[in-house]
Amino acid sequence: MKRFFVIALLFLLTACGFSPLYAQKDVSGSYGSAGVDIVSEMRQIKVEPISDRFGQLVRNNLLDSLTPTGVPSKPKYRLFVRLKRKSINLQALREDISATREMAIYQVEYSMKEGDKVLFRNESVAYASYDVLNNPYSTTVAQKKAEKEAAQIIADDISLRVGAYFHLRNANLEQKSDL
């Protein structure tokens with residue numbers, strides 16, 4: 001019964017138009033090897049330096065996901081990321097109005113260019129919460145951990161959207177070539 005449910009779920013996913021992001025269709029229309037076109041395009045992106053420590057964390061995560069073999073010597077694309085806003089909201093207040101928990105909100109804007117042509121612009125937001133403890137060192141460690149997690153969330157979001165951009169672009173090119 002469990003197998004039947006899983007197989008039925010797979011058929012439902014294909015019926016709704018779901019297709020793997022990094023998969024490439026072969027001539028028969030079935031999915032073959034990993035999307036070499038998308039991966040090779042993503043490896044041609046140079047991630048420009050980003051200011052402050054949070055930007056360094058985001059950039060390092062982007063380099064790991066987009067160009068794991070190293071920075072391209074002759075990049076075709078350039079990715080610009082900028083921290084637009086960072087705010088810290090106090091949560092769970094004590095009677096003396098001191099917070100026991102804080103939530104940091106990081107908002108970045110990014111754009112990708114091919115030469116002077118802007119291919120796309122977008123924004124990404126990450127929320128990270130941490131406890132405010134009596135020991136200041138422990139609070140600092142919690143803040144740094146939350147900042148690192150938020151940087152990973154933003155880098156993953158940007159990587160996914162860049163991959164989706166190339167996936168859509170390749171799909172549009174295939175449709176035009178079929179006409």
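Colleague: What makes the pairing of the side chains of Ser 87 and Arg 85 a polar contact?

Modeller: In this predicted model, the two side chains come to 3.2 Å, and since a polar contact requires N or O atoms within 3.5 Å, the pair qualifies. Ser 87 belongs to strand S4, residues 77-93, and, leaving aside neighbours within four places in sequence, Ser 87 is in contact with Met 103, Ala 104 and Ile 105.

Colleague: Why is Ser 87 called buried?

Modeller: Its relative accessibility is 17%, and because the term covers values under 20%, Ser 87 counts as buried.

Colleague: How do you know that the rings of Tyr 110 and Phe 120 form an edge-to-face pair?

Modeller: Their centres are 6.3 Å apart, where pairing asks for centres within 6.5 Å, and their planes stand at 85 degrees, where edge-to-face begins over 60, so the pair is edge-to-face. Because Tyr 110 lies in strand S5 and Phe 120 in strand S6, the pair ties together parts that are 10 residues apart in sequence. Both Tyr 110 and Phe 120 are buried.

Colleague: Why is the pair formed by Tyr 165 and Phe 166 described as edge-to-face?

Modeller: With ring centres 5.4 Å apart and planes at 65 degrees, the pair meets the limits of 6.5 Å for the centres and over 60 degrees for the planes, so edge-to-face is the label here too. Phe 166, at 0% relative accessibility, counts as buried. Tyr 77, Tyr 110, Phe 120, Tyr 165 and Phe 166 form one aromatic cluster.

Notes
Residues numbered from 1 in each chain as written. Predicted model: local features only at pLDDT ≥ 70, side-chain atom pairs only at ≥ 80, totals over all residues. Heavy atoms only, no water. Helix = DSSP H or I, 4+ residues; strand = E, 2+ residues; numbered from the N terminus. Buried < 20%, exposed > 50% of the residue type's maximum accessible area, 1.4 Å probe, protein only. Polar contact = N/O pair within 3.5 Å; in protein donor to acceptor, adjacent residues only side chain to side chain. Contact = heavy atoms within 4.5 Å. Phe/Tyr/Trp six-rings, centres within 6.5 Å; stacked < 30°, edge-to-face > 60°.
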